[in-house]
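Visitor: I would like to learn how to read a few features of a model. Please take me through them briskly.

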Amino acid sequence: MFENQLHSETSHRLWQALEAHYQRLKSTPISQLFSANPGRAEQHSLEIAGLFLDYSKQSFDESAFKSLLELAQASGLAHRRDAMFHGKPINSTEQRTVLHTALRSPDGPECIVDGVNVRALVKNELERIKVFANGVRHGTIKANDGGTFTDIINIGIGGSELGPKMAIEALGPYVQHDLHFHFLSNPDSQALNGVLSQIDPERTLVLVSSKTFTTQDTLANYLIVRQHLAEHLGGVEAAMRHCVALTAAPQTAIQQGFAPECVFEFWDWVGGRYSMWSAIGLPILIAIGSKHFDDFLAGAREMDNHFLTAPFKDNMPVLLALTGIWNHSIAGDRSVMLAAYDSRLHSFMPYVQQLDMESNGKQVDQSGAPLTRPSGPIVWGGLGINGQHAYFQLVHQGTQRVPVEFIGVLHAPDQNLEHQRIVFSNMLAQAEALMVGRSAAQIKTLMLANGFSEERAEALANHRSFAGNIPSLTLLVDELTPFKLGALAALYEHKVFVQGVIWGVNSFDQWGVELGKTLGRTIYDELRSEPHQKGHDPSTQALIARVFNALR
């Protein structure tokens, strides 16, 4: 039903046209594009839902941009977008619908999947988690001894951790002050013991987040945490009254001892990396409360509506995606850096990293044929000012070009205006410096003007020069409210979707994680008994033996 349209004659012609545009433009400085078009900054910027995007510092001109828009049209993007929102099974390898967007519009029109209105399911479960969250926040849902909960441990990995952790950190000013959140994803003993050392077992609520409720890392951590609680609360039965399951397999959780009223459900049409809008978002709801969580959903919903209705030339997710298509598929850049200039967005990069790389890190198209162009880029980065004293060196003067996405927040609670000026002077200067660079001749002139000798200026000019012409975009968030964070997260979700459609891949499966899990289970069994002498390559076999002997 959704055959790959990228092999069509039109799409093939557009890819060729874009490659010709790149050859024509690759020696043209980005700064020269502004000289040729004085209105470029205004033409290549837009604002929606409190987010302002400036993508004018890209290396395409108006003619190339027109071809990018035509490519988006020819890819069948509008058709696939509408199919996703209407619950069609666009996840073709798993024959699943993709309906995370329905999670933020429970009062929307009916959406029938397998004879069931998913809006009703969503609304019912949203009300259940709201009641539970409000009970925890207000102390009506009590700990085993009748006291209130103050520590919340979220046990989960991948999307079960990255989304909730990102949102709670980003929305710190909205978090109820007497609640403390801990995230446990890694079964590493140091991580586990670090969390257990910070909590009061009598005041600790444990949220176990797993889609299948069979995830080895998550269940291993859960059993240790449960035992820790049991030792302080008087047994496993008492400990279980402090435990909640968030899963798409509720019966499995109930079979493992969770009370039905403490099991909250989402569905197999919710991908893990798209799940924080569902019951997986319970820690967010406990942290910020129902009203702010509704605002969080509303911000995402506004971005959804914009994505559905805006023409591609004015559609923020499409435009964000097309800059990446140009840089990655046409210009050959293999990575993209996210640089956030607000410490509350410390976890936004790893959240986007999973969203993007797990979705579009694919080697075949929808039909199973090998891709002829690279799919998703490597996504990396972090807090921008920290990066300026670390990896920005490579971005400015290294041998590989790295496009950058700058994210800044204009207003913050109790902000120090002078500090904000310092932050934004750094962010805006980095974007400008990446674009304009500074030639060896300019460096030499500056050094001579500052009293350096001709010989010294000549010797250092090449070391201190910057080629520039590195593309970037700047995304300004008016204020980091729940509404605007919801819009920001949905923006990146849809950007990834658009790029997946244009590349012709299935952005909603993740078979690449399966082989490591399968082999991991085999090796785990061997590390518990005598290692086998066959079935592994010599290096792995020797390493298994060494670890086995160390852990005996």
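Guide: Start with contacts: a contact means heavy atoms within 4.5 Å. Ser375 touches His328, Asn360, Gly361, Lys362, Trp503 and Val505, leaving aside residues up to four places away in sequence. This is a predicted model, where local features need pLDDT of at least 70, side-chain atom pairs count only at pLDDT 80 or more, and totals for chains, interfaces and linings use all residues. Residues are numbered from 1 along each chain as its sequence is written, and side-chain values use heavy atoms, with hydrogens and water left out.

Visitor: How confident is the predictor, in terms of average pLDDT?

Guide: pLDDT is the predictor's confidence in each residue, from 0 to 100. The chain averages 94, and 98% of the residues score at least 70. Residues 1-7 fall below 50; beyond near neighbours in sequence, this stretch has 22 contacts in the model.

Visitor: Where does Ser375 lie?

Guide: Helices (H or I, at least four residues) and strands (E, at least two) are DSSP runs, numbered from the N terminus. Ser375 is in the loop between helix 14 (348-360) and strand 11 (378-383).

Visitor: Is Ser375 buried or exposed?

Guide: Buried means under 20% relative accessible area, exposed over 50%, partly exposed in between (1.4 Å probe, protein chains only). Ser375 has 10% relative accessibility, so it counts as buried. Its side chain reaches the backbone oxygen of Asn360 at 3.0 Å.

Visitor: How is a pair of aromatic rings described?

Guide: By the distance of the centres and the angle of the planes. Rings of Phe, Tyr and Trp (its six-membered ring) pair if their centres lie within 6.5 Å; planes under 30 degrees apart count as stacked, over 60 as edge-to-face and the rest as tilted. The count here comes to 20 aromatic pairs. Tyr55 and Phe65 form a tilted one, with 6.0 Å centre to centre and 45° between the planes. Both Tyr55 and Phe65 are buried. Tyr274 and Phe508 have ring centres 5.5 Å apart and planes at 45°, so this pair is tilted. It ties together parts that are 234 residues apart in sequence. Tyr274 is buried at 2% relative accessibility, and Phe508 is buried at 9%.

Visitor: Which residues do ring pairs link into a cluster?

Guide: Tyr22, Tyr55, Phe60, Phe65 and Trp326.

Visitor: Which ring does the charged end of Arg81 sit over?

Guide: A charge sits over a ring if NZ of Lys or CZ of Arg is within 6 Å of the ring centre and within 35 degrees of the ring normal. Arg81 has its charged end over the ring of Phe307, 5.9 Å from the centre. Arg464 lies over the face of Phe452, at 6.0 Å from the ring centre.

Definitions and conventions. A polar contact is a pair of N or O atoms within 3.5 Å; within protein, one must be able to donate a hydrogen and the other to accept it, and residues adjacent in sequence count only if both atoms are side-chain atoms.
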